[in-house]
Amino acid sequence: MADMFRLTPVSAFTDNYIWVLHDHRRAIAVDPGDAAPLQAWLAQQQLQLEAVWVTHHHADHIGGLPALLAAWPGLTVYGPPGISGVNQPRSHGSTVPAFGRAAQVLAIPGHTANHLAYYLPPHLLCGDTLFGAGCGRVFDGTMTDLFHSLQRLAALPADTRCYPAHEYTLSNLAFAAAVEPGNGAITSRLQRDQATRAANLPTLPTLLADELATNPFLRTAQAAVSHAARQHAGQEITHEEGIFATLRQWKNNF
């Protein structure tokens with residue numbers, strides 16, 4: 001059955017996307033770090049803001065909540081517990097309503113200690129855990145958590161459409177090409193996404209199938225990726241989590 005809603009990115013700050021699920025009259029905003037561009041877009045589209053979904057506590061994801069709560073009295077804000085403005089806390093295994101359907105809440109910690117994704121098949125709102133061809137840095141989470149969270153996302157159906165919160169794809173693909181210079185899928189994707197950005201269009205959403213083929217953080221079991229990580233580290237690494245940690249540290253300074 002076709003979706004009864006659309007997903008549109010509203011640009012905020014330098015490279016954030018506030019993803020908005022909407023039909024002809026209602027809207028759900030994901031990670032509204034800045035209220036102003038979202039409110040302007042909602043007014044232009046004549047949409048009623050029905051709910052907000054928050055993935056984690058960083059200011060560029062929740063900074064707009066006070067203004068939105070003031071402008072939309074009774075607004076329902078779903079997200080991890082303990083975040084100011086979240087009035088309907090959620091955790092792994094719970095659900096949130098969306099246009100007559102129920103989105104699954106997935107715990108995907110690592111970037112932060114408490115980070116959620118919202119999965120409304122085939123759509124995955126993944127915040128700062130999975131990016132186009134990359135993944136988030138570790139802040140107050142752990143490298144182990146981030147590795148397992150990405151493994152959880154990698155196990156979703158290959159036709160899953162992933163909606164990260166930042167436009168980082170080109171810089172991530174440059175790193176992916178350094179890790180796997182012989183991967184033709186990375187070369188092809190880089191050319192395609194460079195053309196997309198040149199046209200001032202988002203590279204997102206991204207298909208999970210493309211991530212599995214090009215994202216080094218989902219490819220730690222591949223011989224070329226593990227070899228590159230060992231070469232970079234200058235030592236033997238015997239398990240996938242170690243390969244992942246090496247890649248993440250490498251990317252931090254790339």
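The questions and answers below take up these topics in turn. This is a predicted model, in which local features need pLDDT of at least 70 and side-chain atom pairs count only at pLDDT 80 or more, while totals for chains, interfaces and linings use all residues. Residues are numbered from 1 along each chain as its sequence is written, and side-chain values use heavy atoms, with hydrogens and water left out.

Q: Which element gives the most to the lining of the largest pocket?
A: A pocket here is an open set of points on a 1 Å grid over the protein atoms alone, where a 1.4 Å probe fits, with protein on both sides within 12 Å along at least five of seven lines, and its lining residues have an atom within 4 Å of a point. The largest pocket is lined by 16 residues, and F131, C135, G136, R137 and Y168 lie nearest its centre. Helices (DSSP runs of H or I, at least four residues) and strands (E, at least two) are numbered from the N terminus, and the elements giving two or more residues to this lining are α5 (169-179) and α9 (240-252). With three residues, the element that gives the most is α9.

Q: Which element supplies the largest share of the lining of the second largest pocket?
A: Of the 13 residues lining this pocket, S11, T14, Y17, R197 and N200 are the closest to its centre. At least two lining residues come from each of β1 (6-12) and β2 (16-22). The largest share, three residues, is that of β1.

Q: Is T55 buried or exposed?
A: T55 is placed in the loop between β4 (48-53) and α2 (59-62). Buried means under 20% relative accessible area, exposed over 50% and partly exposed in between, with a 1.4 Å probe and protein chains only. Because its relative accessibility is 0%, T55 counts as buried.

Q: With which side chain does the side chain of T55 make a polar contact?
A: A polar contact is a pair of N or O atoms within 3.5 Å, one able to donate a hydrogen and the other to accept it, and residues adjacent in sequence count only if both atoms are side-chain atoms. At 2.7 Å, the partner of the T55 side chain is the side chain of D31.

Q: Which residues touch the most other members of the largest nonpolar core?
A: A nonpolar core is a set of buried Ala, Val, Leu, Ile, Met, Phe, Trp, Tyr and Cys residues joined through side-chain atoms within 4.5 Å. Among the 27 residues of the largest core, those touching the most other members are L124, L150 and L247.
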